[in-house]
Amino acid sequence: MRRLHPVLIGSLAVPVLDGLEPVIFYALRGVHPMRVFQGIAAGLLGRESFNGGIPTMLLGMGLHLFIASVIVTLYWVASRKWPGLAERPVPYGVAYGLVVYAVMTFIVVPLSAAGSGIRIPPPV
């Protein structure tokens, strides 16, 4: 049986694992998981995303899946050019993750409709 393509596996595993962390973190503080994904949708819609219910939650989930898939695909494409990325995935993957975190935190989110000051609102 042929192995599943690493991009497919990563594009499913990364958003699930990456999405679980804030869901669990905020759930322990009494915040509904819907709000986490509405917070992602706020990147496009601004604060109004928190009033959108299930549709904006689904938009946030879709955006999260798309962004994670792009991040995984970029690493895979780079590993075709620089085989060391595939030969030593842990150190390079950690470094890549830190770069992705910095880009998302300090460039993407501040430039989005969410802006730098958005926080997931507490439950009502």
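**Exercise 1. State what share of the contacts in the protein with a separation of 6 or more comes from residues 24 or more positions apart.**

Solution. Contact means heavy atoms within 4.5 Å. Among the contacts with a separation of 6 or more, residues 24 or more positions apart account for 49%. This is a predicted model, in which local features need pLDDT of at least 70 and side-chain atom pairs count only at pLDDT 80 or more, while totals for chains, interfaces and linings use all residues. Residues are numbered from 1 along each chain as its sequence is written, and side-chain values use heavy atoms, with hydrogens and water left out.

**Exercise 2. Determine how helices α1 and α2 are arranged.**

Solution. Step one: the protein has 5 helices and 0 strands, where helices (H or I, at least four residues) and strands (E, at least two) are DSSP runs numbered from the N terminus.

Step two: α1 covers residues 6–27 and α2 residues 33–45; they pack at about 130°, with axes 8 Å apart. Axes are lines fitted to C-alpha atoms, for helices over the stretch in contact, and angles run from 0 to 180 degrees between N-to-C directions.

Step three: α1 and α2 are therefore oblique to each other. Angles under 35 degrees count as roughly parallel, over 145 as roughly antiparallel, 65 to 115 as roughly perpendicular and the rest as oblique.

**Exercise 3. Identify the residues that make the contact of α1 with α2, and classify them.**

Solution. From α1 come G19, P22, V23 and Y26; from α2 come P33, V36 and F37. They divide into 6 nonpolar, 1 polar and no charged. Ala, Val, Leu, Ile, Met, Phe, Trp, Tyr, Cys and Pro count as nonpolar, Asp, Glu, Lys and Arg as charged, and the others, Gly among them, as polar.
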